[in-house]
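Here is a friendly briefing to read alongside the model. Please keep the sequence and the 3D view open as you go.

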Amino acid sequence: MKTVIIFDHPYTAAASENVPHHRTFLAALARQVTQQLAAQHQEVDLIDLHADHFDPVMSAAELGRWRQGKPVNDQVADYQRRLLAADQIIFMFPVWWEVMPSMTKGFLDKVYAKGQLYAAPSMETKLVKHPRIRIITTMSTPNWAYRWVFGAPLIKVLRRGTFYKTRLWHVRWQNFAQVEKKSLAERQQLLANFKLK
């Protein structure tokens with residue numbers, strides 16, 4: 001079984017150690033996920049968007065290629081090949097202003113593309129393995145406020161507006177709220193108890 005992890009944080013997946021001003025709980029989670037999958041003898045393919053210098057902005061020339069059903073550039077074509085081989089896809093990113101950061105949005109715009117990874121006009125996915133989709137996030141907003149005050153916009157955008165729309169039905173979301181307010185011992189306990197759902 002092959003899992004592709006799409007990791008989006010400016011500090012990159014390498015920032016998993018407790019180094020002040022260059023650490024992210026998300027990278028520590030990515031390390032934990034990778035270790036869990038390796039223990040299950042699964043193949044893990046990490047796409048680290050910031051480490052790869054992925055450009056999320058769609059240029060006019062790229063949009064022209066996208067409209068013709070062609071990969072917008074070689075990096076995107078490589079990402080598409082990797083996703084086509086996936087049995088499971090895990091998106092990992094911090095929630096900023098209640099949704100995903102620009103790198104993840106640009107990845108969806110450029111990589112999960114019409115004619116490449118889903119058919120037009122049927123909108124049916126071309127990911128023939130119908131991979132499970134997992135979304136792992138961190139955010140400063142309390143869970144209750146995100147769901148009941150803001151209406152969980154991220155899940156509407158991704159689960160309903162992207163994956164269900166293209167017939168990918170197995171979508172799970174795990175969120176870690178207000179991690180920055182927890183002590184090192186509390187964060188370590190969260191990591192020790194973390195299991196993919």
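β3 and β4 run parallel and are joined by seven bridges, where strands count as paired if DSSP finds at least two bridges between them. Within this pairing, M92 has I136 of β4 as its bridge partner. The model is a predicted one, in which local features need pLDDT of at least 70 and side-chain atom pairs count only at pLDDT 80 or more, while totals for chains, interfaces and linings use all residues. Residues are numbered from 1 along each chain as its sequence is written, and side-chain values use heavy atoms, with hydrogens and water left out.

- Helices (H or I, at least four residues) and strands (E, at least two) are DSSP runs, numbered from the N terminus.
- β4 is mostly covered, with seven of its eight residues buried; buried means under 20% relative accessible area, exposed over 50%, and partly exposed in between (1.4 Å probe, protein chains only).
- In α6, the buried residues include P153, L154, I155, L158, T162 and F163.
- The cover over the buried residues of α6 includes β3, α4, β4, α5 and β5.

**The nonpolar cores**

- A nonpolar core here is a set of buried Ala, Val, Leu, Ile, Met, Phe, Trp, Tyr and Cys residues joined through side-chain atoms within 4.5 Å.
- The largest nonpolar core has 38 residues, and I6, L83, F91 and F107 touch the most other members.
- At least two residues of this core come from each of β1 (2-7), α3 (74-84), β3 (88-94), α4 (102-110), β4 (132-139), α6 (153-164) and β5 (171-177).
- With four residues, α6 gives the most to this core.
- Apart from this core lies another, of 19 residues, among them I5, A13, A27 and L29.
- Which residues does I6 touch, not counting those up to four places away in sequence? I6 touches I47, L49, L83, I89, I90, F91, M92 and F107, contact meaning heavy atoms within 4.5 Å.
- As background, nonpolar side chains in soluble globular proteins tend to be buried together.

- W144, W148, V149 and F150 make a nonpolar surface patch of about 570 Å².
- Patches are made of residues with over 30% relative accessible area and no salt bridge, with like charges joined within 9 Å and nonpolar side chains (Val, Leu, Ile, Met, Phe, Trp, Tyr) within 5 Å.
- The accessible areas come from the Shrake-Rupley method with a 1.4 Å probe, and for residues only the protein chains shown count as cover.
- F150 sits in the loop between α5 (143-148) and α6, and its relative accessible area of 43% makes F150 partly exposed.

**Salt bridges**

- The structure holds seven salt bridges, each being a side-chain nitrogen of Lys or Arg within 4 Å of a carboxyl oxygen of Asp or Glu.
- D45 forms a salt bridge with K2, and their closest N and O atoms are 3.7 Å apart.
- This pair links distant parts of the chain, with D45 in strand β2 (residues 43-48) and K2 in strand β1, 43 residues apart.
- Are D45 and K2 buried or exposed? Both D45 and K2 are buried.
- E62 and K110 meet through their side chains in a salt bridge (3.0 Å, N to O).
- Because E62 lies in helix α2 (residues 60-67) and K110 in helix α4, this pair ties together parts that are 48 residues apart in sequence.
- E62 is buried at a relative accessible area of 12%, and K110 is buried at 1%.
- Not counting residues up to four places away in sequence, E62 touches V57, V72, N73 and K110.
- K105 and D109 also meet in a side-chain salt bridge (2.8 Å, N to O).
- About one helical turn separates K105 and D109, because they are four residues apart in helix α4.
- K105 is partly exposed at 38% relative accessibility, and D109 is partly exposed with a relative accessible area of 34%.

**K129 in its loop**

- K129 is placed in the loop between α4 and β4 and is partly exposed, with a relative accessible area of 42%.
- K129 and Q88 lie 41 residues apart in sequence and 8.7 Å apart in space, C-alpha to C-alpha.
- Leaving out residues up to four places away in sequence, K129 touches A85, A86 and D87.
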